[in-house]
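This briefing is for a reader who is meeting the structure for the first time. It begins with one detail of the backbone and then goes through the parts by topic.

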Amino acid sequence: MIIKSATFTISATQPSNYPPEDLPEIAFAGRSNVGKSTLINKLVNRKHLVKTSSTPGRTQLLNFFNINDAFLFVDLPGYGYAKVPERVKKDWGKMIETYLSTRSTLKGVVLILDIRRTPQAEEHNFLAWLNTRGIPAVVVLTKADKLSKTNQKKQVQAIENALGLHPDQMICFSAKTRQGLDAVWQAVSYCLELPEKNGLPEKNGDLS
Ligand SMILES: Nc1nc2c(ncn2[C@@H]2O[C@H](COP(=O)(O)OP(=O)(O)OP(=O)(O)O)[C@@H](O)[C@H]2O)c(=O)[nH]1
Ligand SMILES: [Mg+2]
């Protein structure tokens with residue numbers, strides 16, 4: 001993908017602040033500190049488009065970015081950060097759920113997992129929830145540079161078992177070595193080109 005422009009559009013907490021629904025959109029989700037913002041920066045080849053931090057929980061809003069005036073990327077706040085008070089966690093959960101269930105231009109979700117960590121019910125439930133809503137999901141296993149190739153394979157197997165996924169549905173990625181970058185772009189491009197998720201063929205919309 002040739003990146004001609006990548007610009008920050010807006011931060012939002014609720015639908016009234018989201019940008020207009022006129023371009024297809026991909027959202028990036030995952031636990032706090034897993035590397036969501038870093039992955040977006042790598043994809044668009046900008047060092048500092050999205051703020052990254054070694055302190056978990058820094059991204060607390062939905063951040064929208066316009067890429068090539070052709071599509072939007074949305075950096076979602078990280079979930080599961082233990083130090084955040086319960087009430088705040090609930091608000092974040094609601095904010096993400098509202099976004100995912102109302103955004104008509106959403107074409108897919110990239111779920112980012114730390115390759116070293118075997119996912120829990122939370123991730124399993126999240127994927128199942130996306131599935132029931134017909135939202136395509138791409139699973140990216142990041143920080144792959146922290147494991148040898150042999151251990152990467154072992155973890156892919158463990159994560160595959162935990163999530164009930166096929167190995168082809170997961171991409172090992174490293175922001176350090178750029179391993180997997182092309183594969184993530186391919187998966188994102190595929191989602192962007194999918195037809196409308198709720199689209200009915202013309203002249204076939206009368207269900208009465
Ligand atoms: N070694 C290594 N470090 C990474 C990789 N990706 C991200 N990191 C580091 O992980 C830390 C967190 O990265 P972020 O991109 O800010 O994580 P985030 O998921 O956006 O975090 P929140 O916004 O807090 O939810 C930073 O110190 C990054 O440099 C990777 O592929 N390899
Ligand atoms: Mg972030």
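Just past the end of helix α1, Asn45 adopts a positive phi of about 60°. The model is a predicted one. Its chain contains 5 helices and 7 strands, which follow one another along the sequence in the pattern β-β-α-β-β-α-β-α-β-α-β-α.

**Confidence and overall figures**

- The chain has a mean pLDDT of 86, and 87% of its residues reach 70 or more.
- Over residues 198-208 pLDDT stays under 50, and the model gives this stretch 1 contact beyond four places in sequence.
- Where pLDDT is low, the predicted coordinates should not be read in detail.
- Of the 208 residues in the chain, 34% are buried.
- Taking contacts between residues at least 6 apart in sequence, 72% join residues at least 24 apart.

**The sheet**

- The 7 strands form an open sheet in the order β1-β3-β4-β2-β5-β6-β7, and the pairing is mixed.
- Strands β1 (6-12) and β7 are the edges of the sheet, each pairing on one side only.
- From one strand to the next, the twist averages 25°.
- Strands of a sheet pair through backbone hydrogen bonds, either parallel or antiparallel.
- β3 and β4 run antiparallel and are joined by 5 bridges; Ile67 has Phe71 in β4 as its bridge partner.
- The hairpin of β3 and β4 has 3 residues between the strands, and Asn68 in this hairpin takes a positive phi near 55°.
- β5 and β6 pair in the parallel sense over 6 bridges, with Ile112 standing opposite Val140 in β6.
- Helix α4 (residues 149-163) packs on the sheet, where it touches β5, β6 and β7, and its direction makes about 155° with that of β7.

- β2 is mostly covered, with 6 of its 6 residues buried.
- Glu25, Ala27 and Ala29 point one way from β2, while Ile26, Phe28 and Gly30 point the other way, and all are buried.
- β2 runs parallel to β4, and 4 bridges join the two strands.
- The bridge partners in β4 include Val74 for Ala27 and Asp75 for Phe28.
- β2 also runs parallel to β5, with 6 bridges joining them; in β5 the bridge partner of Phe28 is Val110.
- β4 is mostly covered too, as 4 of its 5 residues are buried.

**Helix α1**

- Helix α1 is mostly covered: 8 of its 9 residues are buried.
- Those buried residues are Lys36, Ser37, Thr38, Leu39, Ile40, Asn41, Lys42 and Leu43.
- Their cover includes strands β2, β3 (62-67), β4 (71-75), β5 and β6, together with helix α5.

**Helix α5**

- Helix α5 (residues 181-192) has 12 residues and reaches 17 Å from its first C-alpha to its last, close to the 16 Å expected at 1.5 Å a residue.
- Which residues of α5 are buried? They are Val184, Ala187, Val188 and Cys191.
- Viewed down the axis of α5, the buried residues fall within an arc of 95°, so they line one face of the helix.
- An α-helix has 3.6 residues a turn, so residues three or four places apart point the same way.
- Asp182 and Ser189, on the other side of α5, are exposed.
- The buried residues of α5 pack against β2 (25-30), α1 (36-44), β5 (106-114), β6 (137-142) and β7 (170-172).

**Ile96 in helix α2**

- Ile96 belongs to helix α2, which covers residues 86-102.
- Is Ile96 buried or partly exposed? Ile96 counts as partly exposed because it has 18 C-beta neighbours inside 10 Å, whereas a buried residue needs 20 or more.
- Apart from neighbours within four places in sequence, Ile96 is in contact with Leu76 and Pro77.
- Ile96 and Thr13 are 83 residues apart along the chain, and their C-alpha atoms are separated by 8.8 Å.

Terms used
Residues are numbered from 1 along each chain as its sequence is written. Chains are lettered from A and ligands numbered from 1 in the order in which they are written. This is a predicted model: local features need pLDDT of at least 70, side-chain atom pairs count only at pLDDT 80 or more; totals for chains, interfaces and linings use all residues. A residue is buried if 20 or more other C-beta atoms lie within 10 Å of its own, exposed if 12 or fewer, and partly exposed in between; C-beta atoms are placed from the backbone. Two residues are in contact if their C-beta atoms, placed from the backbone, lie within 7 Å. The expected span of a helix is 1.5 Å times one less than its number of residues. The arc is that of the directions from the helix axis to the C-beta atoms. Two strands pair if DSSP finds at least two bridges between them. Axes are lines fitted to C-alpha atoms, for helices over the stretch in contact, and angles run from 0 to 180 degrees between N-to-C directions. pLDDT is the predictor's confidence in each residue, from 0 to 100.
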